[in-house]
Amino acid sequence: MTDQQPELFAAVDALLAAVDDGSVLPTPAERVRLREAAGLTEAAVAQVLGVRVPSIQAWEAGRAEPRGERLQAYRRLLEGLAARYPAPAAARPVPAPTQPTETTPAATGAPGASAGPAATSAPEVSSPAASARPEESTGPAVADGPAAIGVPGASASPAATARPAASAGPGASASPSATAGPAASTGPAAIGVPGASASPAATARPAASAGPAASASPAASAASSAATAPAATAAASVPPAAATVPAASVPPAATTVPAASAAPPAATAPAASAPPAATTAPAASVPMDSAGVDFTSAGPGSADRGSAVHHPAVHHPAVHHPAVHHPAVHHPVDRRGADRRSQAGLRARAQHADRTKAAAAVAPRFAHGPLAVVDADQDGRAVAYCVGGLVLDVPAASLPALVQWALTEAALGAPRLNPHGRDADPLLVLTPAACERYGLPTRLSQEERLAGRIPDDHRAVRQLQRADWQLTRRGLGPWARIYRPAQGGRRQCVQLCVPSWDALDARVWHGAADLAPAELARLLGTYAQRVTTPCGSTAVTGLELMTALHPPTRASEPGADGRRHSEHNPGSLGTQPVDCAPCEAPDGHPLLADLPRFHQRGPAEMLLEEAYDWARPLTDAECLRPYVVGIDVNLAFGAAANGAVVGLGAPVHVREPAFDPKLPGSWLVDLSHVDLSRVRVGKEWTRLEAELLPSPFTPKGERPDGPAWYATPTVAYAVELGYDVAPLEAWVRPDNGRYLDAWYKRLRDAYVATMADLGVTGDLPPEEFLAAMDGCKQRDEQMAIVLAAIKATVKGGIGKLRERPRGGGWKPGRPWPALARPTWRPDIRATVISRARTNMHRKILALAAATDRYPVAILSDCAVYAADGETPLHVLPYTEDGRTVPGSFRLGVSPGMVKHEGTQTTLWAEGVREEHGDDLNLARYIKDGRVTAVDGGE
């Protein structure tokens, strides 16, 4: 039996600590009530069950029912919710406390906290079943607030009502009127963020039912005022058979990050009470970092919280929780950018936070985030900086021990992005001090840099081998993968990143390697949470993201013997590479080994789909305009990947086929008859000045002069322009699909969320958008680096689909390592680039037909126009209601829309062309006006 069904159940168990299977599903209304009672979003449930949000909506509306494994998992989810959140009529009465005990401020564990004369605590009842681990609670209720763990400054709003589910540990003080229920209280104040306060606009939620498997819901982020107020912590009445829950405490060495917002210190919660059958829990104001990550999910006390919740269906090895440190790291915030964030931008960040919380709830073993930056002080004491400001002591004394720590006590990693995929491996980023601490060189020698690794006889490598750890073929280099064979279906693998060994390419990460450990953890953590955990260059990570979203295999349905086996996952590229068509093969490919040594293939022999690199001289009328303005398409290759139908299997060769625009492939066809002076724009034939336009069929913009190989989108665009096509032959792929859609959507969300962090949201009018874009990268330099990395992931991931041979020893006609990958697919790359180029040309035609404006230069995703003003508003006509030419360029933050790339004077344009020749592409240098070495665009 494979691990799909157990893993699917384990995801639900981790979220809800579900109980045994039942037989029928509740009514649709009850399904909605249970989900809302737990504070779960539809997206969170959909992510756990591996379905889309509309499926959850249909199940809750009664329009459809889940089937197969989804039915069993959904029923398990609902029964777990029903056990934790019973209907009010089914609520059991809670016995009153019998032995109230007076407490002092010192007993609460929060400095400055005081209790009224009548403040009482729950009676302490001992039980033989009490857990031997002081940091773990196995009782029916769990108290998880600042009063329980001794965090200074935590306070509750006066308007917050008490949640009677809070259980008090030894020494915790309580309000005399607070009643105890069988539920667990969690929230910002519950995990030790100083100043975390409950909102006055607290909303009610049914209390959780008691049980040994009780655990905190991921969405239950609000702590009750009775459990969080410094002046009066919650009382809990414990049934006689219940074990005493000891108060969680932070080690003496722990420090906390200053709270983003805190209630006034003098504000204390009054004694609050609630009837046993109708309990309420106020919503707390949750401190968030710029990545949209709740500090409560990985803040002080998270280690205690992770171990305090008992999950009977998921086995966790005993974990030591070291002292937790939170250095006060200042993240600069530009108030102008913050003021520009609209409700749409805030909603986008809130949705991202929901996904983050849901992921953390699905996999509690990843409570400390996807990665840690390991540093060491002068005394050799190692610490790990995690996402959200969390800092952990690292007890490991050697590199093998560090790897083992990352897989166990560190609670690092990220949940899978697809139900059929695998969880992301923990990533350890080693600073130079950490390298020295664990016996690694702080810098690579020239020989090691050329080899990309340290020698195999290095002491650190031998230590790993003696501890039965293995390295991949790339060895111990800037990006290393250390693993053991999987045991019990659990993967044992840790990624290492060494920035001082040039792991972070300065062309992409822009000085990230020089950041302080806490800042580097924030930067890489944001990228990991929004895109995926980096596992190499941005190009490698982009390719790995495709596989993570579309795993090659899945578990089959049970056979006659009840066993499952691995089978091909529909919509993926599979486990085996497929040969490309001969026309798609780059020079030197084994398919071309029989060609003469110095043979140069022409357009009729090879597929040449590349991005634009075209320029022309300015006309006399354009020279009279004072400026040249560049506009740049956002995430152009990503937008082109969206909706692209690409081949999934091997190509099939056909002769004289009828062209099918829905069939991906490569077509040998003559497009020289397409005349750009008369084309169909939209649904109307339009006359244009063809000499001022590039051809859409070639990268250099030259008109084709005979048959040539083109990808399907290029030929389809010729048909769209109103011309017939007659292919001579083709290599087509009947097995096809929209493989890149999920990849695009994840990167799009990451891009838009990061732009929102920089103060640029999606609903700004053109003038405000241009103002917000001006200097946005200076508002938060770390988020600007994340933005650059996201863009490089898009571009590099597409380019990696046709990776060329690297390194010495390779000879033309011989295979190179990349050919062994199922993701080596030059046809997919050609399709995306073809769509990007034709998308650009389509918008250029629409603008030319409406305004008689023509570009003077195009480089990949940047077009330059002569203009009467300095901004894109002098190129793109906008009406008073904010509309522009349909089908043309639009200013905005979304992929496919455009932004201002740069402006120079017309005198500058003519001067550099005169100095460097007419072939100079103005789009390459429009940004800052400096003519430098040629780059690749985008």
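The dialogue below goes from the whole chain to cores, salt bridges and sheets.

Student: What kind of model is this, and how are residues numbered?

Tutor: This is a predicted model, in which local features need pLDDT of at least 70 and side-chain atom pairs count only at pLDDT 80 or more, while totals for chains, interfaces and linings use all residues. Residues are numbered from 1 along each chain as its sequence is written, and side-chain values use heavy atoms, with hydrogens and water left out.

Student: How many helices and strands does the protein chain have?

Tutor: Helices (H or I, at least four residues) and strands (E, at least two) are DSSP runs, numbered from the N terminus. The protein chain holds 26 helices and 25 strands.

Student: What share of the residues counts as buried?

Tutor: A residue is buried under 20% relative accessible area, exposed over 50% and partly exposed in between, with a 1.4 Å probe and protein chains only. Here 55% of the 938 residues count as buried. The accessible surface, from the Shrake-Rupley method with a 1.4 Å probe and, for residues, only the protein chains shown as cover, comes to about 39200 Å². Carbon and sulfur atoms account for 53% of that surface.

Student: What share of the contacts joins residues 24 or more positions apart?

Tutor: A contact means heavy atoms within 4.5 Å. Among contacts in the protein chain with a separation of 6 or more, 76% are between residues 24 or more positions apart.

Student: Which residues have the most contacts inside the largest nonpolar core?

Tutor: A nonpolar core is a set of buried Ala, Val, Leu, Ile, Met, Phe, Trp, Tyr and Cys residues joined through side-chain atoms within 4.5 Å. The largest one has 107 residues, and those with the most contacts inside it are Trp509, Leu740, Trp743 and Phe889. Apart from this core lies another, of 35 residues, including Ala396, Leu399, Tyr438 and Leu476.

Student: Which residues does Phe889 touch, leaving aside its neighbours within four places in sequence?

Tutor: The contacts of Phe889 include Ile631, Val633, Met840, Ile844, Leu847 and Val898. Lys843 and Thr884 are also among them.

Student: How many salt bridges are found in the whole structure?

Tutor: A salt bridge is a side-chain nitrogen of Lys or Arg within 4 Å of a carboxyl oxygen of Asp or Glu. The search finds 34 of them. In one, Asp425 meets Arg491 at 2.8 Å, N to O. This pair links distant parts of the chain, 66 residues apart: Asp425 lies in the loop between helix H12 (399-407) and strand S7 (427-430), and Arg491 in strand S10 (residues 490-497).

Student: Why is Asp425 called buried, and why is Arg491 called partly exposed?

Tutor: Asp425 is called buried because its relative accessible area is 11%. Arg491 counts as partly exposed because its relative accessibility is 33%.

Student: Are Arg522 and Asp780, which also form a salt bridge, buried or exposed?

Tutor: Arg522 and Asp780 meet at 2.9 Å, N to O. The two are 258 residues apart, with Arg522 in helix H17 (residues 517-530) and Asp780 in the loop between helix H23 (766-773) and helix H24 (781-799). Both Arg522 and Asp780 are buried. Elsewhere, salt bridges that share partners join Glu584, Arg733, Arg825 and Asp827 into one network.

Student: Which strands pair with S10?

Tutor: Two strands pair if DSSP finds at least two bridges between them. S7 and S10 run parallel and are joined by 3 bridges, with Leu428 opposite Leu496 in S10. Strand S9 (residues 479-487) pairs with S10 in the antiparallel sense over 7 bridges, and Arg481 has Gln495 in S10 as its bridge partner. In the hairpin of S9 and S10, with 2 residues between the strands, Gly488 takes a positive phi near 60°. S10 is mostly covered, 6 of its 8 residues being buried.

Student: In what order do the strands of the open sheet with S16 lie?

Tutor: The order is S16-S21-S17-S20, and the pairing is antiparallel. Strand S16 (652-655) and strand S20 (707-711) are the edge strands, each pairing on one side only. Within the sheet, strand S17 (residues 665-670) and strand S21 (residues 729-732) pair over 4 bridges, and Trp667 has Ala730 in S21 as its bridge partner.
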